[in-house]
Amino acid sequence: MKRIVVTMLILVVILSSFAGCNLLNRTEETTQDEVVHTGETTEKEDMEDKTEEDTEENMNDDTEETTEKEEQQTEEAKKFVVTIYTPNDNVDGFVETEVELEELNETLLLNELIKAQVVQDGIKINQFEKKTENDNVYLLVDFNESLGTTLNSCGSSGEYVIMGSIVNTFLKAYEADYFKFTIDGQIFESGHIIYDEEMGLY
């Protein structure tokens, strides 16, 4: 009888040991699975974070490109395109050339005529006025004596194309209807004509 009892106790101990080992193995397997899943989750989160960073960088790059384009368009919009009239080779008409100005003002416009050799260097504008009367836009310009000297040195054809180049250039640039000029505040009279009236396009 004692042997039977001892034998049963041994069996119980052995079975308990097997159960404990199986539980330990299952616990280790569960722990390993959790580690694997945790590793996969961490890698997934890292990939998502990297994707978000790349997206933000792309958005920043796009924003910078858009800003640069807008600044460039704004800068281009600030420039004024004007038409400069110059005498043709036959001295009986005009050649039109477009140029860009940083701003529209009478001095820059006159400088373009000087560069194009329509008038000589040294001609200056003493006073400039733009006014509107009866729905017409008038330009009143007072030059220094150098313009008078230039006109007096030309024949009638030369005088015509020089004055035509000046008048047409200013009227077109300022979208005006009439142009009148004086020399040092006085009405100018060349050897061919008295400039005492407003002039339209030549």
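Biologist: How do the axes of α3 and α4 cross, and within what distance do they come?

Modeller: First, a caution: this is a predicted model, where local features need pLDDT of at least 70, side-chain atom pairs count only at pLDDT 80 or more, and totals for chains, interfaces and linings use all residues. Residues are numbered from 1 along each chain as its sequence is written, and side-chain values use heavy atoms, with hydrogens and water left out. Now the helices: the axes of α3 and α4 come within 9 Å and cross at roughly 145°. Axes are lines fitted to C-alpha atoms, for helices over the stretch in contact, and angles run from 0 to 180 degrees between N-to-C directions. Helices (H or I, at least four residues) and strands (E, at least two) are DSSP runs, numbered from the N terminus.

Biologist: Which residues meet there?

Modeller: From α3, Leu147, Thr150 and Leu151. They meet Glu159, Ile162, Met163 and Ile166 in α4. Contact means heavy atoms within 4.5 Å.

Biologist: OK, the core. How many residues does the largest nonpolar core have?

Modeller: It has 33 residues. A nonpolar core is a set of buried Ala, Val, Leu, Ile, Met, Phe, Trp, Tyr and Cys residues joined through side-chain atoms within 4.5 Å. Buried means under 20% relative accessible area, exposed over 50%, partly exposed in between (1.4 Å probe, protein chains only). Leu147, Ile166 and Phe170 are among the residues with the most contacts inside this core.

Biologist: Which element gives the most to this core?

Modeller: α4, with 8 residues.

Biologist: And what does Phe170 touch?

Modeller: Leaving out residues up to four places away in sequence, its contacts include Leu109, Leu113, Phe128 and Phe179.

Biologist: Switching to strands. In what order do they form the open sheet?

Modeller: The order is β3-β4-β5, with mixed pairing. Two strands pair if DSSP finds at least two bridges between them. β3 and β5 are the edge strands, each pairing on one side only. β3 and β4 run antiparallel, joined by 8 bridges.

Biologist: Where does α3 lie relative to the sheet strands?

Modeller: α3 lies across β4 and β5, at about 100° to β5.

Biologist: Last one: why does Phe188 count as buried?

Modeller: Because its relative accessibility is 8%. Phe188 sits in strand β6. Among the residues it touches are Gly148, Leu151 and Phe181. Phe188 and Leu151 are 37 residues apart in sequence, and 9.9 Å apart in space, C-alpha to C-alpha.
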